[in-house]
Amino acid sequence: MPRTIETRTREEVGAMLALPGARAGRIGLAYCSAVVGAAARRVAFARRGGSQPGCIRRATDKAWSAAMVRQPTDAPGALGQPGAELFRIRHGHDGRVVVFGGGIPVMRDGRVTGAIGTSAGTVAQDVRVARPGIGAL
């Protein structure tokens with residue numbers, strides 16, 4: 001039986017990109033932010049301040065990973081370390097799986113409706129920049 005997949009409105013996605021950009025500006029960093037819908041397809045992207053080109057894919061992959069595993073990207077981190085149960089998970093899906101901070105799923109009524117991913121700083125900075133995007137909702 002078909003099921004409806006809920007995603008976010010254009011206005012919500014715009015807010016999800018605007019607030020991380022403001023946070024990145026306050027801490028003086030060039031940033032990439034990506035938003036994906038419930039099916040993990042990129043629906044919006046912002047690149048600010050001449051951030052490194054590699055951040056484009058990394059931000060998108062963080063958002064994709066958070067939507068696919070339905071949890072923040074740093075949650076499976078310990079399981080992906082050498083000798084742990086999910087070691088080499090980051091090699092799955094052509095290297096797209098991210099197991100460190102910066103990707104956060106967006107939830108509504110217990111269901112993932114999208115995710116945001118940020119990249120350009122340290123892992124702690126990426127998480128700090130991504131959080132306001134979720135708070136925008």
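## Questions about a predicted chain

Reader: Which strand is V35 found in?
Author: V35 is part of strand β1. Strands here are DSSP runs of E with at least two residues, helices are runs of H or I with at least four, and the numbering starts from the N terminus. Before we go on, this is a predicted model: local features need pLDDT of at least 70, side-chain atom pairs count only at pLDDT 80 or more, and totals for chains, interfaces and linings use all residues. Residues are numbered from 1 along each chain as its sequence is written, and side-chain values use heavy atoms, with hydrogens and water left out.

Reader: Why is V35 called buried?
Author: Buried means under 20% relative accessible area, exposed means over 50%, and partly exposed is in between, using a 1.4 Å probe and protein chains only. V35 has 2%, so it is buried.

Reader: What is V35 in contact with, leaving aside its neighbours within four places in sequence?
Author: Quite a list: V13, M16, L17, R41, R42, V43, A44, A115 and I116. Contact here means heavy atoms within 4.5 Å. As for W64, 29 residues along the chain from V35, the two C-alpha atoms are separated by 8.4 Å.

Reader: What about S33, buried or exposed?
Author: S33 has a relative accessibility of 0%, so it counts as buried. It belongs to β1, which covers residues 31–37. Setting aside residues up to four places away in sequence, S33 touches L17, P20, A44, F45, A46, R48, A59, G117 and T118.

Reader: How do you know that C32 and C55 are too far apart for a bond?
Author: Their sulfurs are the thing to look at. A disulfide is a covalent bond between the sulfur atoms of two cysteines. The rule used here asks for a pair of cysteine sulfur atoms within 2.5 Å. For C32, the closest cysteine sulfur is in C55 and lies 5.1 Å away, so it is too far for a bond. Seen from C55, the closest cysteine sulfur is the one in C32. By this rule, the count of disulfides is 0.

Reader: Why are C32 and C55 called buried?
Author: C32 has 0% relative accessibility, so it counts as buried. C55 comes in at 6%, so it is buried too.

Reader: Where does S51 lie, and why does it count as buried?
Author: S51 lies in the loop between β2 and α2. With 3% relative accessibility, S51 falls under the buried cut-off, so that is what it's called. Not counting residues up to four places away in sequence, S51 touches A30, Y31, C32 and A120.

Reader: Why is L86 called partly exposed?
Author: Its relative accessible area is 31%, so it ends up in the in-between class. L86 is in the loop between α2 (54–69) and α3 (92–95). Beyond residues up to four places away in sequence, L86 touches L79 and G80. The C-alpha atoms of L86 and G102, 16 residues apart along the chain, are separated by 19 Å.

Reader: Which phi does A40 have, and what about R70?
Author: A40 has a positive phi of about 70° although it is not a glycine. R70 has a positive phi too, of about 60°, and is not a glycine either. A40 is in the loop between β1 and β2 (42–48), and R70 is in the loop between α2 and α3. A40 has a relative accessible area of 8%, so it is buried, whereas R70 has 43% and therefore counts as partly exposed.

Reader: How many helices and strands are there in the chain?
Author: There are 4 helices and 4 strands. Going from the N terminus, they run α-β-β-α-α-β-β-α.

Reader: What makes the radius of gyration of the chain agree with a compact globule?
Author: The radius is taken over C-alpha atoms, and the globule rule is 2.2 Å times the number of residues to the power 0.38. With 137 residues, that rule gives a value near 14 Å, and the chain has 14 Å, so the two agree. The C-alpha atoms fill a box of roughly 40 × 40 × 20 Å along the principal axes.

Reader: What share of the residues is buried, and what share of the contacts is between residues 24 or more positions apart?
Author: Buried residues make up 41% of the 137 residues. Among contacts with a separation of 6 or more, 64% come from residues 24 or more positions apart.
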